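Load the model and orient it before reading on.

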Amino acid sequence: PWSAERASGIIAEHTHLEGATLPILHALQETFGYVDSGAVPLIADALNLSRAEVHGCITFYHDFRAHPAGRHEVKLCRAEACQAVGSDKLHREILGRLGCGWHETTADGSATVEPVYCLGLCANGPAALVDGEPVAHLTADALEAALTEVRQ
Ligand code: FES
């Protein structure tokens with residue numbers, strides 16, 4: 001869990017670096033799984049930046065999460081070959097069912113959805129990764145089943 005004290009220690013280890021913001025954010029995310037909003041003033045103070053600058057950095061890079069990730073990681077391929085077999089419509093359906101958007105976590109914390117751009121499964125799209133496992137010919141039902149399966 002998030003600890004301001006631990007975060008301060010991590011920040012202190014990196015302040016000597018040039019352009020320390022990114023290494024700090026990476027280190028915090030690695031430690032806590034996300035960058036808590038409580039880290040923003042700590043980083044701003046340590047690096048003499050405004051809170052808005054730090055916040056901007058977190059939101060600019062989609063690598064950083066502002067909230068803990070869901071229990072399952074769903075990566076949906078948005079690249080062209082998958083688009084050609086209807087991934088856009090499928091993704092709208094999936095996000096609708098999950099009730100979240102790209103880069104977001106479902107309200108029950110079961111899954112976080114991220115876009116990816118080609119998984120090398122182009123001939124078998126729409127493609128996805130669920131907790132790192134490739135899924136070909138994805139449907140909304142198959143995803144729901146996959147999320148239920150890996151939940152057990
Ligand atoms: Fe989706 Fe290649 S375009 S796997």
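The paragraphs that follow cover layout, sheet, pocket and backbone in turn.

This is a predicted model, with local features needing pLDDT of at least 70 and side-chain atom pairs counting only at pLDDT 80 or more, while totals for chains, interfaces and linings use all residues. Residues are numbered from 1 along each chain as its sequence is written, and side-chain values use heavy atoms, with hydrogens and water left out.

Start with the layout. The protein has seven helices and five strands. Both kinds of element are DSSP runs numbered from the N terminus: helices are H or I with at least four residues, strands are E with at least two. Read from the N terminus, the order is α-α-α-α-β-α-α-β-β-β-β-α. Along the principal axes, the C-alpha atoms fill a box of roughly 50 × 30 × 20 Å. The domain assignment gives domain 1 (4-60) and domain 2 (72-151); such bounds come from an automatic or database assignment. The C-alpha centres of domain 1 and domain 2 lie 31 Å apart.

Now the sheet. Five strands form an open sheet with mixed pairing, in the order β2-β3-β1-β4-β5. Two strands count as paired if DSSP finds at least two bridges between them. The edge strands are β2 (104-105) and β5 (133-135), and each pairs on one side only.

Step across from β2. This strand meets β3 (residues 111-116) in the antiparallel sense, over two bridges. Glu104 has Val113 in β3 as its bridge partner. Next come β1 and β3, which pair in the parallel sense over six bridges. Here Leu76 is bridged to Pro115 in β3. The pairing of β1 with β4 is antiparallel, over three bridges. Lys75 has its bridge partner, Leu129, in β4.

Helix α6 (residues 87-98) lies across β1 (72-77) and β3, and runs at about 155 degrees to β1. Axes are lines fitted to C-alpha atoms, for helices over the stretch in contact, and angles run from 0 to 180 degrees between N-to-C directions. Contact means heavy atoms within 4.5 Å.

Where is the empty space? Rolling a probe the size of a water molecule over the atoms shows where it is left. On a 1 Å grid over the protein atoms alone, using a 1.4 Å probe, a pocket is an open set of points with protein on both sides within 12 Å along at least five of seven lines; lining residues have an atom within 4 Å of a point. The largest pocket holds about 300 Å³ of space, where the volume is that filled by probe spheres set on the points, joined across faces, edges and corners. It is lined by 15 residues, and the closest to its centre are Phe64, Arg65, Ala66, His67 and His103. The elements giving two or more residues to this lining are α4 (51-60) and β2. The largest share, three residues, comes from α4. Domain 1 (4-60) and domain 2 (72-151) each supply at least three lining residues.

What is the make-up of the lining by residue class? Six residues are nonpolar, six polar and three charged. Ala, Val, Leu, Ile, Met, Phe, Trp, Tyr, Cys and Pro count as nonpolar, Asp, Glu, Lys and Arg as charged, and the others, Gly among them, as polar.

Finish with the backbone. Most residues other than glycine have a negative phi, and most peptide bonds are trans. Asn48 is not a glycine, yet has a positive phi of about 60 degrees. Asn48 sits in the loop between α3 (39-47) and α4. Gly125 and Pro126 are joined by a cis peptide bond, with omega about -10 degrees. Pro126 is in the loop between β3 and β4 (128-130).
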